[in-house]
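Here are my notes on the model. Please read them with the coordinates open.

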Amino acid sequence: MTDDVAAARAAAEEKSAFSHPPVDPDATAAYGDDPDHVVDFWTPRGGSGPAPVVVVLHGGAWRAAYDRRHVSPFAAFLAHRGFAVASVEYRRGATRADGGDPVAGRWPDTFDDVAAAVDALPALIREHLPAGDPRRIVLTGHSAGGHLALWAAARHVLPAGSPWRTDAPAPLRGVVALAPIADFEVADKLGVCGGAARELLGGDDHFPERRPHADPALLLPTGIATTLVQGRADIDVPHAVAESYADAAAKAGEVVGVTLLPDVGHFPLIDPAADACAVVAEEIAQLAW
């Protein structure tokens, strides 16, 4: 496939994923004081008894232009599959004064927010999502959100003294990371999302020192069941990034599942109109039920 054909297909996939109107949640709750400190909740459609909870962390290269609204159709899709869903917002990078691309993330705010949200979720689920079972939580996230899902599940192996380190693993059924920016070294070499991983950590001056606190490929083994779902035709976050993470896990003595989907790019994984989205739901179900 030529570069022009690949780019055209990727553009069509992105257009389809963003063609769905946002879906209003059934409830929204705050986990902090900032306007971005909110979680949207969808009640499971159908079924009986408490349902597993899928926590969704949206992507968008940690940049302000993308918020949780663009994954609300995906969240609603999961709710119609019988899951209770919690979609987390967090602070992202600000718009540049010169009108250039927004900054990728905020250090340490983006990480502060994800840690605070995950810690608050069990109580929020009990209060605002009574049809959800806080004992059966699966983290999922797309692209930069996939990174955050992997990171949130690895806080117990952060370096000693890290402000986000926990004493024990999070009580999760597992993680399903979708085209995640899972290995910062490989992503940086490939220029993923315009060098977003390096920018997230504060640029050249801070990238080496902050990687051990932020790069999932350095936070292994986690002891938590983890699956990566990735399109082979993804030109936004190439599958080499996911494969490098899985290789690092294997070297650390942990098996990480990798599902590579042929003829699938970056966005079908969260597009309810795409077959790949159903595959994602099946992967979540294998861990959740």
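1. Is W107 buried, exposed or partly exposed? This is a predicted model. W107 counts as partly exposed because its relative accessibility is 24%, and buried would require under 20%. W164, in contrast, is buried, with a relative accessible area of 5%.

2. The model has 9 aromatic pairs. One of them joins W107 and W164.

3. A separate ring contact involves a charge. The charged end of R198 sits over the ring of F207, 4.2 Å from the ring centre.

4. Now the pockets. The largest has a volume of about 260 Å³. Its lining comprises 15 residues, and G60, Y66, C193, D236 and F267 lie nearest the centre. By class, 6 are nonpolar, 6 polar and 3 charged.

5. The second largest pocket has a volume of about 200 Å³. It is lined by 19 residues, with V118, D119, A170, P171 and L172 closest to its centre. Its lining has 15 nonpolar, 2 polar and 2 charged residues.

6. Which element gives the largest share of the lining of the second largest pocket? Helix 3 does, with 4 residues. Strand 5 (132-142) also supplies at least two.

How values were computed
Residues numbered from 1 in each chain as written. Predicted model: local features only at pLDDT ≥ 70, side-chain atom pairs only at ≥ 80, totals over all residues. Heavy atoms only, no water. Phe/Tyr/Trp six-rings, centres within 6.5 Å; stacked < 30°, edge-to-face > 60°. Buried < 20%, exposed > 50% of the residue type's maximum accessible area, 1.4 Å probe, protein only. Lys NZ or Arg CZ within 6 Å of the ring centre and 35° of its normal. 1 Å grid on protein atoms, 1.4 Å probe; cavity = no way out; pocket = protein on both sides within 12 Å on 5 of 7 lines; lining within 4 Å. Points joined across faces, edges and corners; volume = space filled by probe spheres on them. Nonpolar A, V, L, I, M, F, W, Y, C, P; charged D, E, K, R; others polar.
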